[in-house]
Amino acid sequence: MINGSIREAKLRPEYAELYPAIEPGVWMQASDIGRQLLLWHLTAASVPDADRVMSDEHFEFRGGHQRGLADLAQRTRAADLRRQA
């Protein structure tokens, strides 16, 4: 059972070749994966193809803080906040 306040992610197996340092199909803290990907992008001189370091297409997510009905439309990632401004 996961702690509901911890956001977790797992790499989808079909994208494993893009992320050789991450084991596909294993739930990990999303912040740990994000940190690892950010460091990789900074040192490999590669840029993510999307606005986010962790693509919803490449990763599954679970957990995190529960949001109320009023919060459902609110976007909380930094890239989303820039779009709202």
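How many bridges join strand 1 and strand 3, and in which sense do the two strands pair? They pair over five bridges, in the antiparallel sense. Welcome to this predicted model, whose protein chain holds two helices and three strands. Here is a short tour, by topic.

**Overall layout**
- Reading from the N terminus, the elements of the protein chain follow the order β-β-α-β-α.
- The protein chain has 85 residues, and 24% of them are buried.
- Its accessible surface is about 6,300 Å², with 54% of that belonging to carbon and sulfur atoms.
- Take the contacts between residues at least 6 apart in sequence: 47% of these join residues at least 24 apart.

- The three strands form an open sheet in the order 2-1-3, and the pairing is antiparallel.
- In general, the strands of a sheet pair through backbone hydrogen bonds.
- Across the sheet, Arg 7 sits opposite Gly 63 of strand 3.

**The aromatic pair**
- One aromatic pair turns up in a search of the whole structure.
- Its partners are Tyr 19 and Phe 59, arranged edge-to-face, at 5.2 Å centre to centre and with 65° between the planes.
- Tyr 19 belongs to the loop between strand 1 (7-11) and strand 2 (28-29), while Phe 59 belongs to strand 3 (residues 59-63), so the pair ties together parts 40 residues apart in sequence.
- Tyr 19 and Phe 59 are both buried.

How values were computed. Residues numbered from 1 in each chain as written. Predicted model: local features only at pLDDT ≥ 70, side-chain atom pairs only at ≥ 80, totals over all residues. Heavy atoms only, no water. Helix = DSSP H or I, 4+ residues; strand = E, 2+ residues; numbered from the N terminus. Buried < 20%, exposed > 50% of the residue type's maximum accessible area, 1.4 Å probe, protein only. Contact = heavy atoms within 4.5 Å. Areas by Shrake-Rupley, 256 points an atom, 1.4 Å probe, with all protein chains shown as cover. Phe/Tyr/Trp six-rings, centres within 6.5 Å; stacked < 30°, edge-to-face > 60°. Pairing = 2+ DSSP bridges.
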